[in-house]
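Here's a quick briefing to read with the model open beside you.

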Amino acid sequence: MGRQFLIVTADDFGLHESINEAVEQACSAGILTAASLMVSAPAFVDAVERARRLSNLRVGLHLVLAEGRAVLEPDIIPALVDADGWFDARLVRRAIRLFAIPSVRRQVEMEIRAQFQRFADTGLPLDHVNMHKHLQLHPTLARMILRIGREFGVQAIRVPAEPLWFSGRAAEPLPASSASILLGPWVALLRRHIRAAGVVCNDHVFGIACSGRMDEGTLLDILQRLPAGVTEIYLHPATSSEHAASTPAGSYRHADELAALVSPRVAEVCNALRVPRGGYSDLIRSGA
């Protein structure tokens, strides 16, 4: 088998204190190595304080352009948010407008830059960048992230390329394996953009098909079939699910995902693999 490197990430860091607490527990007593920070989320300040205490936690930017709050005021980006500054979930409509309307593209660019700046203001080293709902697959957004990110020292971006054997586990009506095939050209294009910019990316990701359902058994299956190359496993752990009761993530089993991350059995299997682990910055430093 070829070289391997494993990154285990918690997304939505900063969304709620129950998520932040889970990140701290999973980093201190489990296999978690990284977290993706939402800089406009309600528990952002708490997340930053915890991250500063966790010297072995690598923190990246989780850019939000859907189902979340913007950094900029609504009057600056009126085409993107409602009167309260919230993005909606109409991803397809927004993608079409992003291509077609220059003023919308300018507003998106301003918001992306503002989120990068807020992360930079924390003083935390920027380990990686990804996007809520994997919107980095949008070619225009990918180019914006790479161009703006260069100013802020971006070194790595997540590519949502999930192995077919795992993507078939999706609970949606359309099998994720079919979705993976349909998205294949967009994934390949994103990877080309990233590599052409001299930025690092993962070879494989796990977490799309079983989003919110990454329990102990699922993690063990992944670890026992860990592919060659750079693998990122991402989860949404929390100490409770009360923060998501009225959202699309309300069916997520956050506590089960936290239990998986701190499971002694998972740690045992992970350690037995003797695969280097860390964040993208550790991968880059290793020269792997």
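This is a predicted model: local features need pLDDT of at least 70, side-chain atom pairs count only at pLDDT 80 or more; totals for chains, interfaces and linings use all residues.

A residue counts as buried when its relative accessible area is under 20%, as exposed when that figure is over 50%, and as partly exposed in between. Cys27 has 4% relative accessibility, so Cys27 counts as buried.

**Cysteines**

- How many disulfides does the structure hold? The count is zero.
- Cys27 is in no disulfide, and its nearest cysteine sulfur belongs to Cys270, 13 Å away. A disulfide needs two cysteine sulfur atoms within 2.5 Å, so that 13 Å gap rules the pair out.
- Cys210 is in no disulfide either; for this residue the nearest cysteine sulfur is that of Cys270, at 18 Å.
- Is Cys210 buried or exposed? With 3% relative accessibility, Cys210 counts as buried.

**Leu32 and its surroundings**

- Leu32 sits in the loop between α1 (17–29) and β2 (34–37), and its relative accessibility of 3% puts it in the buried class.
- Setting aside residues up to four places away in sequence, Leu32 touches Val8, Thr9, Ala10, Val23, Ala26, Cys27, Leu57 and Leu261.
- For a sense of distance, take Gly198: it is 166 residues from Leu32 along the chain, and the two C-alpha atoms are separated by 26 Å.

**The second largest pocket**

- The volume of the second largest pocket is about 190 Å³. Its lining has 14 residues, and those closest to the centre are Ser55, Leu57, Arg58, Val59 and Pro125.
- Which elements supply at least two lining residues each? They are α2 (44–53), β3 (58–63) and α11 (280–286).
- Sorted by class, the lining of this pocket has seven nonpolar, three polar and four charged residues.

- Asp127 lies in the loop between α4 (102–122) and β4 (129–131). Its relative accessible area is 2%, so it is buried.
- Leaving out neighbours within four places in sequence, Asp127 is in contact with Arg58, Val59, Gly60, Ala156, Gly279, Tyr280 and Ser281.
- Which residue's side chain joins that of Asp127 in a polar contact of 2.7 Å? The partner is Ser281.
- The Asp127 side chain also has a polar atom 3.1 Å from the backbone nitrogen of Tyr280.
- Val154 is 27 residues from Asp127 in sequence, and the C-alpha to C-alpha distance is 7.6 Å.

**Asp46 in α2**

- Asp46 is part of helix α2 and counts as buried at 17% relative accessibility.
- The Asp46 side chain makes a polar contact of 2.8 Å with the side chain of Arg50.
- Once residues up to four places away in sequence are set aside, Asp46 touches Glu17 and Asn20.
- Gln224 is 178 residues from Asp46 along the chain, with 35 Å between their C-alpha atoms.

**Arg195 in α7**

- Arg195 belongs to helix α7 (residues 176–196), and it counts as partly exposed at 48% relative accessibility.
- Asn271 is 76 residues from Arg195 along the chain, and their C-alpha atoms are separated by 30 Å.

**Positive phi angles**

- Most residues other than glycine have a negative phi, which is the background for the next two.
- Glu67, in the loop between β3 and α3 (91–100), has a positive phi near 50°. Glu67 is partly exposed, with a relative accessible area of 29%.
- Arg274 has a positive phi too, near 55°, and is found in the loop between α10 (264–273) and α11.
- Is Arg274 buried or exposed? At 75% relative accessibility, which is over 50%, Arg274 counts as exposed.

Definitions and conventions
Residues are numbered from 1 along each chain as its sequence is written. Side-chain values use heavy atoms; hydrogens and water are left out. On a 1 Å grid over the protein atoms alone, a cavity is a set of points where a 1.4 Å probe fits but cannot get out, and a pocket is an open set with protein on both sides within 12 Å along at least five of seven lines; lining residues have an atom within 4 Å of a point. Grid points are joined across faces, edges and corners, and a volume is the space filled by probe spheres set on the points. Helices (H or I, at least four residues) and strands (E, at least two) are DSSP runs, numbered from the N terminus. Ala, Val, Leu, Ile, Met, Phe, Trp, Tyr, Cys and Pro count as nonpolar, Asp, Glu, Lys and Arg as charged, and the others, Gly among them, as polar. Buried means under 20% relative accessible area, exposed over 50%, partly exposed in between (1.4 Å probe, protein chains only). Contact means heavy atoms within 4.5 Å. A polar contact is a pair of N or O atoms within 3.5 Å; within protein, one must be able to donate a hydrogen and the other to accept it, and residues adjacent in sequence count only if both atoms are side-chain atoms.
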